[in-house]
Amino acid sequence: MSNVEKKTGRERGEEWWQTDIIEMRPGVIRLRGYEIQDLIGRVSFPAMIWLMLRGELPGEEQAALLGIALGAAVDHGPQAPSIAVARMAATCGVGINSAMASAINVLGDVHGGAGEQALAFYGDIAAAVDEGVTLGDAVMARLDRFFAEEKSYVPGLGHRFHPVDPRAPRLIELTRDFAARGIVSGRFADIADAVEAEVARRKGKKIPLNIDGATAVIYGELGFPPPLTRGLFVLSRSVGILAHAWEQSQQSDRNKGPLPREWLWAYTGTPVRPFPQAEDDSN
């Protein structure tokens with residue numbers, strides 16, 4: 001008889017979804033071992049995110065820095081695909097949850113994934129430095145490999161809309177402040193600065209850090225792995241998505257598409273042509 005067959009139905013049921021995150025039964029809710037009533041009113045939302053993802057409560061300053069990064073990326077207006085999708089979905093008469101889900105589902109590698117890519121990029125450089133390579137050499141080697149193999153935009157740099165992303169310098173300034181007080185090390189801020197400087201040297205012009213590169217610095221400083229960086233961006237942008245979906249739902253527009261009705265798309269297909277007649281249609 002197998003071990004599975006020896007277990008009772010209750011034992012099998014209890015182990016079916018094993019989790020270290022939550023314990024719950026009638027009258028009891030514990031998150032990572034903490035009673036929910038002890039957390040309520042004492043733990044901020046960023047600290048709760050940290051606890052759920054990391055298993056331990058952060059320090060007050062760590063939670064504050066996490067909250068800064070989350071707050072910086074909440075919205076970028078209807079020119080951002082996720083926000084536009086939320087608003088269009090709302091005009092179709094769907095509920096707010098469906099409008100939000102539609103928007104979140106377009107947060108992929110291109111729109112929403114650059115923070116994860118930037119932190120992975122920084123992490124490669126950090127690993128090389130840990131092995132004894134100088135920061136400058138590690139940055140040059142990683143960029144050499146990037147341009148040889150990937151031939152794309154360096155993640156975390158440049159912005160299609162802003163000559164200088166107004167969010168990034170402030171985020172780096174605050175990261176430096178937290179590093180000066182010993183809350184974080186500052187090594188990811190150093191890496192981002194070195195990447196920005198080396199790309200400028202190679203391109204002959206500065207391509208400034210953007211929101212993805214700056215928040216990746218903070219998430220790296222706080223010890224989050226790259227895949228969670230994307231999830232954290234989704235949490236952050238969900239705030240703007242909710243605000244825009246709600247605002248649009250209070251307006252009278254119906255089936256509002258991506259362009260005003262008087263502006264139509266460019267048709268590039270076959271010119272107008274007659275439908276071919278069958279031979280028995282000639283009479």
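This is a predicted model: local features need pLDDT of at least 70, side-chain atom pairs count only at pLDDT 80 or more; totals for chains, interfaces and linings use all residues.
View 1. Met 24 is part of strand S1, which covers residues 22-25. Together with Ile 21, Ile 22 and Ile 29, Met 24 makes a nonpolar surface patch of about 350 Å².

**View 2. The whole chain, for orientation.** Before moving on, take a look at the overall picture. The protein chain has 13 helices and three strands. Its radius of gyration is 25 Å, well over the 19 Å that the globule rule gives for 283 residues, so the chain is more spread out than a compact globule. Along the principal axes, the C-alpha atoms fill a box of roughly 85 × 65 × 50 Å. Buried residues account for 37% of the 283 residues.

View 3. Side chains of opposite charge can pair when their charged atoms come close. Here Glu 14 and Arg 10 meet in a salt bridge, with 3.0 Å from N to O. Both residues sit in helix H2 (residues 9-16), four residues apart, which is about one turn of the helix. Residues three or four places apart point the same way, because an α-helix has 3.6 residues a turn. Glu 14 is exposed at 51% relative accessibility, and Arg 10 is exposed too, at 66%.

View 4. Asp 109 pairs with Arg 230 in a salt bridge whose closest N and O atoms are 2.8 Å apart. Asp 109 lies in the loop between helix H7 (96-104) and helix H8 (114-130), while Arg 230 belongs to helix H13, so the pair ties together parts that are 121 residues apart in sequence. Asp 109 is exposed, with a relative accessible area of 53%.

**View 5. Helix H13 and its kink.** Helix H13 runs over residues 226-249, giving 24 residues. From first C-alpha to last, H13 reaches 34 Å, close to the 34 Å expected at 1.5 Å a residue. Can you spot where the kink in H13 is centred? Look for Arg 237, where the helix has a kink of about 30°.

View 6. The structure holds 23 salt bridges. One of them joins Asp 253 and Lys 256, with the closest N and O atoms 3.9 Å apart. Asp 253 is partly exposed at 31%, and Lys 256 is partly exposed at 43%. Elsewhere, Glu 23, Arg 25, Arg 30 and Glu 35 are linked in a network of salt bridges.

Technical notes
Residues are numbered from 1 along each chain as its sequence is written. Side-chain values use heavy atoms; hydrogens and water are left out. Patches are made of residues with over 30% relative accessible area and no salt bridge: like charges are joined within 9 Å, nonpolar side chains (Val, Leu, Ile, Met, Phe, Trp, Tyr) within 5 Å. Accessible areas come from the Shrake-Rupley method with a 1.4 Å probe; for residues, only the protein chains shown count as cover. A salt bridge is a side-chain nitrogen of Lys or Arg within 4 Å of a carboxyl oxygen of Asp or Glu. Helices (H or I, at least four residues) and strands (E, at least two) are DSSP runs, numbered from the N terminus. The expected span of a helix is 1.5 Å times one less than its number of residues. The bend at a residue is the angle between axes fitted to the seven residues ending there and the seven starting there. The radius of gyration is taken over C-alpha atoms; the globule rule is 2.2 Å times the number of residues to the power 0.38. Buried means under 20% relative accessible area, exposed over 50%, partly exposed in between (1.4 Å probe, protein chains only).
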